[in-house]
Amino acid sequence: MKAKYLKYSVDELSCDDRFITWVQTQSKAHPDEWYVEGNELFNEKVDKAKALVEAIYDLRDKEDNQDVKEVWSNIESRINQDTNKKGGLRSIWKYVGGVAALLVVVFGVYLYMMPNDQWVTVHNMNEDDQTILLSDNSRIVLKPKSVVRYPKVFESTRNVELEGEAFFDVAKDKSRPFMIYAQNTITKVLGTSFTISAFKNRNEVSVDVHTGKVEVYSVDGKGIQNHIVELDEESEKVFLTPNQKAIFNKNQMDLQKTVMEVPRKLSTEFRDFKFVNKPLEEVFLEIEKIYGIDIQYDKKSLSNCTISTQLDDLPLPIKLKMITKALGLSLKEKNAVFYVNGNGC
Amino acid sequence: MSQDSLHALWTQMTSDDVQAFEQLYQLVAHDLLIYGKSLTHDHELVKEELQNLFLTIWNKRKSNQVPDQVRSYLFRAFRNNVIRSSQQAQKVLYKVEDRIEEGVNEEENLHAHSIKDIIESLPNRQKEVIKLRYFQGLDHQEIAQVLDMNYQSVSNLIARAIKKLREKMTGK
């Protein structure tokens, strides 16, 4: 505290921006900040000013959450309509839906600093997602019952620990890869967005990629606590691109890659997936492009296959199932690649 | 809610990030609504203006620049819109010109009983400044930007209101 405050009157303290901020938001965490040991005269003024600021603060309206929600849902539906017209952000909205009540809640979140270093632990005890902004402008959307630990300020590295589930939107910084330690996995990225699900009591850890490229490594439990794991060519890892996910089975220490359950459209161009007598090859090309996935099939033997259908609202795996079923072909997925087989049409 | 994180969210929103946009909304909507309702009794109008403000921000995210001071920009734009449309509808609680006559009803305060009564009976400009400072959490500088006043005038208004409240509290 600056010395000038010692001369302040109760009125002057009550009007001071820093003093008001302390009373309203920090006095629970730092109760002694404005008191000066041994200076009873000044401390008495702090008491009085604090009481006044609190009394005023208590009068504010507190009942508007319903309106906040109502107005947002109007805004949301309006911008949703606009983007739907263009076919743009609809896929993102599926994700955003779950984050609807975001940030309204601040209660029940334990935030404390580790005693020796500058790490922060956030435990989301709410029923809603909680958003955390990191020092590099990366964002974490922490799901309920999940814990994340991160340095207050990133220095030469960007290491974060996760237990539970979170969506990460990582700011680009080529010189400092962003590493997430979650159970027996390390996810390494340069700048992208993805979701990690790593609960202690579940056998699987999963990493879903929304945008960009991600590397997921499996490691044993020893080094992971101290972040001293050496990642090299030998480490077991998978590369993920959008709509792919890595599943790590803790019991079998087995790392696999596959396609997300509900892949999102990556192209912002609007497609209605309406096909009339279209060759299968063109249909597959379109699906590959929009979802960023790989479909393998024998072009020669399936060259005479054509299809007429409309598949707009169906998730990708169902789309592929409908097409292959209609043509009497088989469909398999392995390591995030779809394999279509059959003897022609 | 630091200025920096509001600024960062706005910047992210300009690259079509709906989530950042929603967070920006969630961080300020509550305060804006309460503030708007202190400007007019027509609460539906306030909600409508909040919706319009954020739809405009979203629709013009590509063409408009990111404001330096996001929070005071939002309060100022919102205040102007609410006052304009409620004046059109004749529903504004007071007119902007009231500030010239400030002090007229100061004498009537003598019989106010609670802090709430005292705040409500303050001259309009003082009342608004007190609410922005102690309810909505804007600092002196931000209030000056919202109300288009200079810093010193804001300080004077707050100091005068606080003096009155203190006298009342200590029973002078």
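Reader: In this predicted model, which residue of chain B forms a salt bridge with Asp67(A)?

Author: The model is predicted. Across the interface of chain B and chain A, the rule finds 6 salt bridges. In the one formed by Asp67(A), the closest N and O atoms are 2.6 Å apart, within the 4 Å cut-off. The partner is Lys37(B).

Reader: Which element gives the largest share of the side of chain B that touches chain A?

Author: Elements giving two or more residues to this side of chain B include α1 (3–13), α2 (18–37) and α3 (43–59). The largest share is 14 residues. That share comes from α2(B).

Reader: How many residues of the side of chain B that touches chain A are nonpolar?

Author: In total, 43 residues of chain B are in contact with 47 residues of chain A. On the chain B side, 10 are charged and 9 are polar. The nonpolar residues number 24.

Reader: What is the area buried between chain B and chain A?

Author: Carbon and sulfur atoms give 65% of it. Gln19(B), Glu22(B) and Tyr134(B) supply 17% of the area that chain B buries against chain A, more than any other three residues. The area buried between the two chains is about 4100 Å².

Reader: Which strand lies between β16 and β18 in the open sheet of chain A?

Author: The sheet has 3 strands, with mixed pairing. Its edge strands are β16 (294–297) and β18 (330–334) of chain A, each pairing on one side only. β16(A) pairs in the parallel sense, over 4 bridges, with residues 337–341 of chain A. The strand between them is β19(A).

Terms used: Residues are numbered from 1 along each chain as its sequence is written. Chains are lettered from A and ligands numbered from 1 in the order in which they are written. This is a predicted model: local features need pLDDT of at least 70, side-chain atom pairs count only at pLDDT 80 or more; totals for chains, interfaces and linings use all residues. Side-chain values use heavy atoms; hydrogens and water are left out. Two strands pair if DSSP finds at least two bridges between them. Contact means heavy atoms within 4.5 Å. Buried area is the accessible area (1.4 Å probe) that two parts lose on being put together, summed over both. A salt bridge is a side-chain nitrogen of Lys or Arg within 4 Å of a carboxyl oxygen of Asp or Glu. Ala, Val, Leu, Ile, Met, Phe, Trp, Tyr, Cys and Pro count as nonpolar, Asp, Glu, Lys and Arg as charged, and the others, Gly among them, as polar.
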